[in-house]
Amino acid sequence: MIGWPSIIIHADMDAFYAAVEQRDNPELRGKPVLIGPRSHRGVVLTASYEARPYGVGSAMPVAEARRRCPKAIMVPPDFSKYQAVSEQVMDVFADFSPKVEALSLDEAFIDMSGAAHIFGPPEDMGRQIKQAVWEATGLHISVGISATKYVAKVASAHEKPNGLTVVPPEQAVAWLAPLPVNRLWGAGKKTTPKLNALGYFTIGDIAARDEQTLSRQMGAMGRQFYRLANAQDPRRVSRGRTAKSIGSDRTLSEDVSSPEDIKVHLRRSAERIARRLRSKAYTAGGVRVRLKTADFQLLSRQHKLVKSVDTADALYKQACDLLQQFDHPGPFRLVGMAAFDLSWQHEPEQQDMFTDTNARKLETTIDDLINRFGADTLMRARDLHHHGTVSKNGVNLDFLDYRDEERVARPGSDAQDTD
Ligand code: TTP
Ligand code: MG
């Protein structure tokens, strides 16, 4: 077993906005692309890796970027698309750990401490996360792994794009030493020249001094630099800032319009999501339904719940309520659902927090069956006609539907619409 005191991953999408546009438009692939306003005023938001050798990048005025790289194709940003991709990526991270701290749309810390028995050593963890993001989105991330947030973050930038850098804690100080001082957190355009003037050019130059000297020279900031240079960073991955959700989106082979047809997909998504929630001991505090129209408009409605849930039963009921709030007649090419506001249920046996105890019992029994016999073992009777065939091993889940109706009839709801 790996002897690190903690395992922290920093993951960051490569050329995020530009990579999304290149993914969605083959004509942009392999070419210098700048994301930014079409006018010459304003700044570049990001540049594809093909454009970067020309010295262009984030925050550069568009006019200057065009001068440096006249061939670059300018693409206006599509923030709602980046938001949706970001949610997918954070969903993937949530599959690896309940402790995910999103720093922005495209980067997060993931605390993998104690997860080596599931995912293997740190390098394997990194490989699996990269692969999972690639499968979910068709995009690359760079990953840095170490025992502290700071070293993990520096490591993720080390081999961009598509990098994977593991820095074992006992090697962290030596690994940081040759890097320039501007890689220290807090050493920006103003502070770096000051450090240089004091004779500090590499992080190793700082690590080799002592804390008192740094403190005398630069106050609290100097002390902080000394500690970072020695790979000391006690900050934990903050679960409070988690941007996690667990989702299940289905792009359909045939567009659907009728609520009944949509509900079939919502039901299946609810079951998948609930199984994933339970397998990670998560509960969800909110439910979101997404529909994509035949002309690719993405519509979304969400509920926050008063009590957290982890059953398909409860998720599906919320999703049906949400479905009524869409005013678009369809047809829809994608039906999706996500559970968000996830928290970690440390003591799964502490069942009284769940309002839907009966549903839980039933669904955890089904979890066991599926774990033993595979996901195709079970199918709801009401879904059978949508499949056309009935699996020989299919189990009739009509009783689930009966229970649904009973719940719907019960006065009061455990949910509240916050939209
Ligand atoms: P970054 O992660 O800083 O940059 P990046 O993903 O484009 O490239 P890489 O990580 O491979 O170096 O930022 C993520 C996105 O945030 C970026 O695609 C565009 C946006 N962004 C801005 O809008 N303005 C900015 O000044 C920066 C730095 C980023
Ligand atoms: Mg990035």
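**An open sheet and a magnesium site**

Isoleucine 9 stands opposite isoleucine 110 in S6. The model is predicted, so local features need pLDDT of at least 70 and side-chain atom pairs count only at pLDDT 80 or more, while totals for chains, interfaces and linings use all residues. Residues are numbered from 1 along each chain as its sequence is written, chains are lettered from A and ligands numbered from 1 in the order in which they are written, and side-chain values use heavy atoms, leaving out hydrogens and water.

Strand S1 (residues 8-13) and strand S6 (residues 107-111) run antiparallel and are joined by five bridges. Two strands pair if DSSP finds at least two bridges between them. Helices (H or I, at least four residues) and strands (E, at least two) are DSSP runs, numbered from the N terminus. Strands of a sheet pair through backbone hydrogen bonds, either parallel or antiparallel.

Five strands make up an open sheet with mixed pairing, in the order S5-S6-S1-S7-S8. The edges are strand S5 (100-104) and strand S8 (164-166). Each has a single partner strand, so one side of each is left without a neighbour in the sheet. From one strand to the next, the twist averages 15°. Helix H5 (residues 122-137) packs on the sheet and touches S1, S6, strand S7 (141-146) and S8. Contact means heavy atoms within 4.5 Å. The direction of H5 makes about 160° with that of S7. Such angles run from 0 to 180 degrees between N-to-C directions, with axes fitted to C-alpha atoms, for helices over the stretch in contact. Helix H6 (residues 149-156) lies across S1, S5, S6, S7 and S8, at about 145° to S7.

The magnesium ion (ligand 2) is coordinated by Asp12 (OD), Met13 (O) and Asp106 (OD), at 2.0 to 2.2 Å. Donors are N, O and S atoms within 2.8 Å of the metal (3.2 Å for Na, K and Ca); water is not among the atoms, so sites may look incomplete. The site is octahedral, with angles of 79 to 176° among six donor atoms. Six donors count as octahedral if opposite donors are over 155 degrees apart and all others between 65 and 115. Aspartate 12 is buried at 13% relative accessible area, and methionine 13 is buried at 3%. Buried means under 20% relative accessible area (1.4 Å probe, protein chains only).

Two loops hold a cis peptide bond. Lysine 160 to proline 161 is cis, with omega near -5°; proline 161 sits in the loop between H6 and S8. Glycine 330 and proline 331 are also joined by a cis bond, with omega about 0°.

Terms used
Tetrahedral: all angles 85-135°; square planar, octahedral: opposite > 155°, others 65-115°. Buried < 20%, exposed > 50% of the residue type's maximum accessible area, 1.4 Å probe, protein only.
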